[in-house]
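Please keep the sequence and the model in view while reading.

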Amino acid sequence: MVLAGLTPPDWEITIVDENLGRPDYSAMPRPDLVGITAFTSQANRAYEVAAHFRRLGVPVVMGGIHATLCLDEVIEHADSIVTGEAEGVWAELLEDTRHGRLKHRYDGGHADMNDLAPARHDLLPARYAFGAIQTTRGCPLNCNFCSVTTFNGAQYRQRPIPDVVHEFQSIGEKRVLVVDDNLIGTRPEHVARAKDLFRALAQANLRKQWVAQATINFGDDEELLALAARAGCRGVFIGFESPTPEGLRELGKKFNLAKGRDFRASVQRIQRHKILVVGSFIIGLDTDEPGIGKRIAEVASQYGVDTLNTLFLTPLPGTRLWDQMKSEERIALNTFPEDWKYYTLTFPVARYKHFTREGIIQEMISCNRRFYSRARILRRVWSSFWHRCHPLLSLVGNLSYRSNVRVDCKTYADFQRRWHHLSGATRMQPRTYA
Ligand code: B12
Ligand code: SF4
């Protein structure tokens, strides 16, 4: 949608989102240019699609997070790569395509946020539960497991507020995901801008409900919370990451270590404004000991989050964690590109210090079983009901996570079977650090 917004009107554009299903590409008219974006976990499918069009002689350009961070691999599968943000180079690339002189690489670096064209929301079918919008890019915190600082830079860059309001108005869906990594930023001037944005959204009377991602300082400021709620904020995703200070230090999430920080009080303050809190944690740190699954479930319940999202510590390309684990030969699933499909943060792809592969999977299962037990779900939903904080949303969220737990158990069993099969044939045997 963002690239479409940057494309001159004489190009006809079709957006295909394989999250909605795979179309029959051979039944579609032959395009002049194909652009593909993919997360790392989607790279293999992206290469299949690229191969299909290249066989037909259609030029294929790839861009986005995986193309930027795994350039040498991706260049084998496409005619051209755009690294970084596309705003600065997309027009040039289209002109080069028109004249048959497509270069192998274009580097967009980091865009000037004043130059962002509004995304073309009109080009998507009306089948999405959520629309999406981006208002800021970049993050100065550079946590060791996250690729955002490498990719979007350490400088927190904000779009002009009128541009955001204007684009918000063009979104058809009633519910919107604000995709910023941290909607409110970390410094007082960032928070002040977030307040101005919320005031402008409220004044525009958009009648949208939105959810966003933010750091825990979202819960520090009553005025910010009141304005967010008034602007339509209904939920916030917060990375707590680890229940221990050692874990936070290991992950480089020093921001959560601020003196006197009381997570429970912050969560309650947010919920008082009828904003639900999704808490995210990571399992498998070197400082995690057996029993960490239950501990995360307990701590998340104690903080009072409405839903819990626990992920395996995963070395994603371009992160400090990747460099560290690679140098220590701890990246266990390392037959690339095939193994990228496991880089969804929902599989244990590394060698963990205190856990076997089976052990860490059991920690994850026990974490989710505990947090999503019937009794705990009832308690949480009752509490949302009592505080009039979207009990129905809380119920639906909790039940869908609970049903995922069952699916996950089957997925883990398949994963283990495949691993055993492969490790017998080609792989290094998994090593335990315990
Ligand atoms: C929103 C978001 C989501 C949403 C929506 C995802 C979706 N399908 O759209 C949700 C919550 C569903 C999600 C889920 C996941 N996410 Co996510 N997500 C993001 C987030 C915060 C923003 C992405 C975004 O929309 N950016 C806005 C657009 C405009 O930016 P952009 O895509 O980068 O595009 C620009 C350039 O990259 C370039 N570009 C991009 N594509 C192309 C293509 C071409 C042809 C060209 C020329 C240019 C180009 O031009 C654009 C304009 O400048 C990013 C963090 C980040 N800052 O990137 C993480 C991020 C992408 N997610 C990440 C991960 C790991 C996941 C999950 C696997 C994790 C999980 N288990 O929850 C899942 C998997 C989802 C899936 N379907 O497989 C990682 C990916 C790392 C990697 N190497 O792949 C990121 C980078 C966060 C991180 N921790 O490092 N995610
Ligand atoms: S995890 Fe969040 S706070 Fe840490 S670097 Fe990534 S975007 Fe920034």
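**From the core to the loops**

Within the largest nonpolar core, which has 100 residues, the members that touch the most others are Met62, Phe168, Phe198, Trp210, Phe218 and Phe240. Apart from this core lies another, made of eleven residues, including Leu33, Val61, Val82 and Leu94. The model described here is a predicted one.

Setting aside neighbours within four places in sequence, Phe168 is in contact with Ile133, Val176, Val178, Leu201, Leu206, Lys208 and Trp210. Phe168 is also one of the buried residues of helix H7, which spans residues 161-169; the others are Ile161, Val164, Val165 and Glu167. Around the axis of H7 these residues cover an arc of only 165°, and they therefore lie on the same side of the helix. Against what do the buried residues of H7 pack? Their partners are strand E5 (131-133), strand E8 (175-178), helix H8 (188-204) and strand E9 (209-214).

Just after H5, glycine 100 adopts a positive phi of about 65°.

The ligands come next. Ligand 1 has 33 residues around it, of which Thr37, Thr40, Ser147, Asp181 and Thr344 come nearest. By class, this shell contains 16 nonpolar, 13 polar and four charged residues. Several polar atoms can be located around the ligand. An N or O atom in the side chain of serine 147 lies 2.5 Å from an oxygen atom of ligand 1, and an N or O atom in the side chain of glutamate 87 lies 2.8 Å from an oxygen atom of ligand 1. Glycine 63 takes part through its backbone, where an N or O atom is 3.5 Å from a nitrogen atom of the ligand. Two or more residues of the shell are given by each of helix H1 (2-6), strand E1 (34-37), strand E2 (60-63) and helix H6 (148-152).

Which residues surround ligand 2? They are Cys139, Leu141, Asn142, Cys143, Phe145, Cys146, Thr149, Asp181 and Lys253. This shell has five nonpolar, two polar and two charged residues.

Aspartate 288 is situated in the loop between strand E11 (276-283) and helix H12 (292-303). Is aspartate 288 buried or exposed? Its relative accessibility is 1%, and it therefore counts as buried. Not counting residues up to four places away in sequence, aspartate 288 touches Ile282, Ile283, His354 and Phe355. Its side chain reaches the backbone nitrogen of glycine 284 at 2.9 Å. Glutamine 416, by contrast, has its place in helix H16 (residues 391-425). It counts as buried because its relative accessibility is 10%, below the limit of 20%. The side chain of glutamine 416 makes a polar contact with that of glutamate 358 at 2.5 Å. Beyond its neighbours within four places in sequence, glutamine 416 is in contact with Arg357, Glu358 and Ile361.

Arginine 207, in the loop between H8 and E9, has a phi near 55°, a positive value in a residue other than glycine. Its relative accessible area is 63%, so arginine 207 is exposed. Arginine 388 lies in the loop between helix H15 (374-386) and H16, and its phi, near 50°, is likewise positive. With 65% relative accessibility, arginine 388 counts as exposed. The peptide bond from phenylalanine 336 to proline 337 is cis, with omega near 10°. Proline 337 belongs to the loop between helix H13 (320-327) and helix H14 (357-371).

Conventions:
Residues are numbered from 1 along each chain as its sequence is written. Chains are lettered from A and ligands numbered from 1 in the order in which they are written. This is a predicted model: local features need pLDDT of at least 70, side-chain atom pairs count only at pLDDT 80 or more; totals for chains, interfaces and linings use all residues. Side-chain values use heavy atoms; hydrogens and water are left out. Buried means under 20% relative accessible area, exposed over 50%, partly exposed in between (1.4 Å probe, protein chains only). Helices (H or I, at least four residues) and strands (E, at least two) are DSSP runs, numbered from the N terminus. The arc is that of the directions from the helix axis to the C-beta atoms. Contact means heavy atoms within 4.5 Å. A residue is near a molecule or strand if one of its heavy atoms lies within 4 Å of it. Ala, Val, Leu, Ile, Met, Phe, Trp, Tyr, Cys and Pro count as nonpolar, Asp, Glu, Lys and Arg as charged, and the others, Gly among them, as polar. A nonpolar core is a set of buried Ala, Val, Leu, Ile, Met, Phe, Trp, Tyr and Cys residues joined through side-chain atoms within 4.5 Å. A polar contact is a pair of N or O atoms within 3.5 Å; within protein, one must be able to donate a hydrogen and the other to accept it, and residues adjacent in sequence count only if both atoms are side-chain atoms.
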